[in-house]
Amino acid sequence: MSPIRIEALTSSPVVWTALSEMLMETVAHGGSVSFMHPLPLAAAEAFWRDSLASAGRGERIVLGAFDGDDLIGTVTLLLNLPPNQPHRAEIAKMMTRVSHRHRGIATALLREAERLAIARGRWLLVLDTAEDEGAAGLYERMGFKLTGVIPDYALKPYGGLTGTLIYWKRLQEGVPA
């Protein structure tokens with residue numbers, strides 16, 4: 001594997017296709033990322049076109065991790081929050097291609113999302129992950145604190161309910177509690 005490159009993604013058919021393939025693969029492998037299996041390509045592409053349009057308006061940042069020219073991971077930093085929450089952002093749609101998991105890609109994506117959050121004055125991050133087969137271990141290793149569990153929060157891609165774990169992380173010391 002060549003060195004991983006992480007960059008903010010912009011909207012193009014090549015990017016939609018790569019993100020859509022990754023989303024479909026994630027869902028097919030049981031990833032609880034808001035979609036059910038089987039996920040039609042058109043639905044995946046519509047999601048990513050909308051997400052990247054939102055990024056183009058500055059409402060979020062969609063990061064991609066690349067191995068050479070191949071998009072192998074992504075995470076989204078949601079910035080468009082209510083006026084009383086200018087200090088925080090949300091982490092969403094963390095995914096790594098099955099072929100590239102357990103190689104530090106998700107960690108690198110999260111570190112870049114944290115760096116970009118701080119650069120935009122966002123010092124509190126929140127996220128949720130599925131209780132069953134989610135990425136709780138990764139988030140806890142990265143310093144996120146578990147707030148609690150909401151039982152039966154969403155359907156898993158193949159059916160059946162799963163709870164969600166709610167996490168937070170303060171990125172800078174000396175800011176209001």
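User: How do the residues lining the largest pocket divide into nonpolar, polar and charged?

Analyst: Let's start with the space itself: in this predicted model, the largest pocket holds about 1,100 Å³. Its lining is made up of 42 residues, with Met94, Thr129, Gly134, Ala135 and Tyr139 nearest the centre. Sorted by kind, the lining residues come out as 19 nonpolar, 16 polar and seven charged.

User: Which element gives the largest share of that lining?

Analyst: Several elements join in: E4, H3, E5, H4, strand E6 (145-155) and E7 each supply at least two lining residues. The largest share is seven residues, and the element behind it is E4.

User: Which residues touch the most other members of the largest nonpolar core?

Analyst: Nice one to look for in the structure! This core has 27 residues, and its largest share, seven residues, comes from H3. Leu125 has contacts that include Leu77, Ile91 and Phe144, leaving aside residues up to four places away in sequence. The residues touching the most other core members are Leu77, Ile91 and Leu125.

User: What do the buried residues of H1 pack against?

Analyst: Helix H1 covers residues 13-28 and reaches 22 Å from its first C-alpha to its last, close to the 22 Å expected. Among its buried residues are Val15, Leu19, Met22 and Leu23. One of these, Leu23, also belongs to a second, separate core of 17 residues. The packing partners of the buried H1 residues are helix H2 (41-56), E3 and E4.

Conventions
Residues numbered from 1 in each chain as written. Predicted model: local features only at pLDDT ≥ 70, side-chain atom pairs only at ≥ 80, totals over all residues. Heavy atoms only, no water. Core = buried A, V, L, I, M, F, W, Y, C linked by side-chain atoms within 4.5 Å. Buried < 20%, exposed > 50% of the residue type's maximum accessible area, 1.4 Å probe, protein only. Helix = DSSP H or I, 4+ residues; strand = E, 2+ residues; numbered from the N terminus. Contact = heavy atoms within 4.5 Å. Expected span 1.5 Å × (residues − 1). 1 Å grid on protein atoms, 1.4 Å probe; cavity = no way out; pocket = protein on both sides within 12 Å on 5 of 7 lines; lining within 4 Å. Points joined across faces, edges and corners; volume = space filled by probe spheres on them. Nonpolar A, V, L, I, M, F, W, Y, C, P; charged D, E, K, R; others polar.
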